[in-house]
Amino acid sequence: MTIEKTETINITSPLDIETVEKLHAGDRVLLSGVIYVARDAAHKRLVHALDQGEELPFDPKGQTLYYMGPSPAPPGRKIGSVGPTTSTRMDSYTPRLLAAGVRAMIGKGSRSAEVRESIKEYKAVYFVATGGAGALLHRTIKNVEPVAYEDLGAEAVLRLLVEDFPLIVANDIYGGDVFEQGRAEYRRGGN
Amino acid sequence: MSNEVVQQSKIREIQAIQVTQAIIHLCQQANFSLGKDVLAAIQKAQAEEKSPLGRDILGQLLENAALADREQLPLCQDCGVTVVFLEIGQNVHINGGDLHSAVQEGVRQGYAKTYLRKSMVAKPFSDRINTTDNTPAIIHTEIVPGDRLKITIMCKGAGSENMSRFAILKPSEGRQGVVDFVVKAVDEAGANPCPPLVVGVGIGGTAEMAMLLAKKSLIRPVGSPNLDPEVAGLEQEILERVNALGVGTQGLGGSITALAVHAEAMPAHIGSLPVAVNLQCHSHRHREAII
């Protein structure tokens, strides 16, 4: 991994509020522990379940959601490539899930103003992983368990055990946004 | 292609199964191994990028490419919609099956055999049911001189394809209008299409032709300029403007937002200036074979 360990913060999921309070946009993080995989179709079902007053297939309190749809596991492997998908498609579902107790999200790309407000309100954190590095991230996955919606195939909910999953804090509870900060630093005249 | 071949009027037979086999191989090759042109462009970006974080992530991408190739894991879990360009020599005759079915069968087997993700859904505006074999591939055919069949595949993820833009500008908006439109498209796309990008631009023609030109421009070797110096100049100007946006690798800020800008232009109606933008992510999976 090219990210130097000396510059990173090691955290474990599920996350407590104290950990989330220490994180600031732009921080490099190595995350270990349990994360739940859910993308477009799974989000639709999770929020539908909340709307119906049903229990979610896992207790969301303090948990981390990973916006990802893996490639199939080749023989002898637990999973295929595992990079993040574009997060903004989940924006309309996110405030409901944060209200239900989800504390962290992993994806790629920026979030809506409403999601950024919800992150502050519910003391959550949004991380980005490197898009298009699914083979590299594969190495951090130690265990894979199906949780729900297996009929959705690549969009099923999975529970992953990860070790030193490399992330960057994108949105923190203080309103920091790594995309705005980064762009402001490198934008040059005329644009 | 030699002149001698072009001048032959003899029909050359190609078996449909040869097409299927070629597509199977291309699907695998494209998804596991980045082309030399793409790797060289990422290495160049890493050398030039001003952001230390950007350089680190570009390093991750190179490491990812080496690992994917070595361990036969997809470069990206989004193995894309398979876009297939067929340049069919007019002296080719396809035997033993229907050409389009042969292509679809190649995609079906290619994605199943090598554990690539199947991402196509039927009933796109309602039930969105996965077709389970990544078909249908999107096929573009072109009849060209000669007796060869050139097959190019490009695996296009949703992250970049979703950021496509199209407009028909007023002719008075001219060159500046085109540059501004493309730069705005890349700016608004931000991190979503997985920069550093290859920016495809199609100018002229009609609505559908401009977008096809933009898509086809992406399959040129990365960074190869348009042969028309005027279009090449436009590509260079757009590249400079795009890299001044500060979007950077993965949108985290940096001096390199695009690896290259490829533009294609053709005549348009006296009342129209169509311009289309089709972006490709850094994991630019394109491969070709000639039968």
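Predicted model: local features only at pLDDT ≥ 70, side-chain atom pairs only at ≥ 80, totals over all residues.
A crossing of two helices is right-handed if the near helix is turned clockwise from the far one by less than a right angle.

**Stop 1: two helices.** Select residues 16-32 of chain B, which form helix α2, and residues 99-113 of chain B, which form helix α5. Their axes come within 7 Å and cross at roughly 40°. That angle makes α2(B) oblique to α5(B), and the crossing of α2(B) past α5(B) is right-handed.

**Stop 2: the residues between them.** Show side chains on both helices. On α2(B), the residues that meet α5(B) are A16(B), V19(B), T20(B), I23(B), I24(B), C27(B) and N31(B). On α5(B), their partners include L99(B), A102(B), V103(B), G106(B), V107(B) and Y111(B). Colour this contact by class: 10 residues are nonpolar, 5 polar and 2 charged.

**Stop 3: the domains.** Next, colour chain B by its domain assignment, with 3-32 + 75-156 as domain 1 and 159-283 as domain 2. The C-alpha centres of domain 1 and domain 2 of chain B lie 26 Å apart. Where they touch, domain 1 of chain B supplies 10 residues and domain 2 of chain B supplies 11 residues.

Stop 4: Which residues in domain 1 of chain B lose the most area to domain 2 of chain B? Select F85(B), M154(B) and K156(B): together they account for 59% of what the domain 1 side buries.

Note on methods: Residues numbered from 1 in each chain as written. Chains lettered and ligands numbered in written order. Heavy atoms only, no water. Axes fitted to C-alpha atoms, helices over the stretch in contact; angles between N-to-C directions. Helix = DSSP H or I, 4+ residues; strand = E, 2+ residues; numbered from the N terminus. Parallel < 35°, antiparallel > 145°, perpendicular 65-115°, else oblique. Contact = heavy atoms within 4.5 Å. Nonpolar A, V, L, I, M, F, W, Y, C, P; charged D, E, K, R; others polar. Domains from an automatic or database assignment. Buried area = accessible area lost by both parts, 1.4 Å probe.
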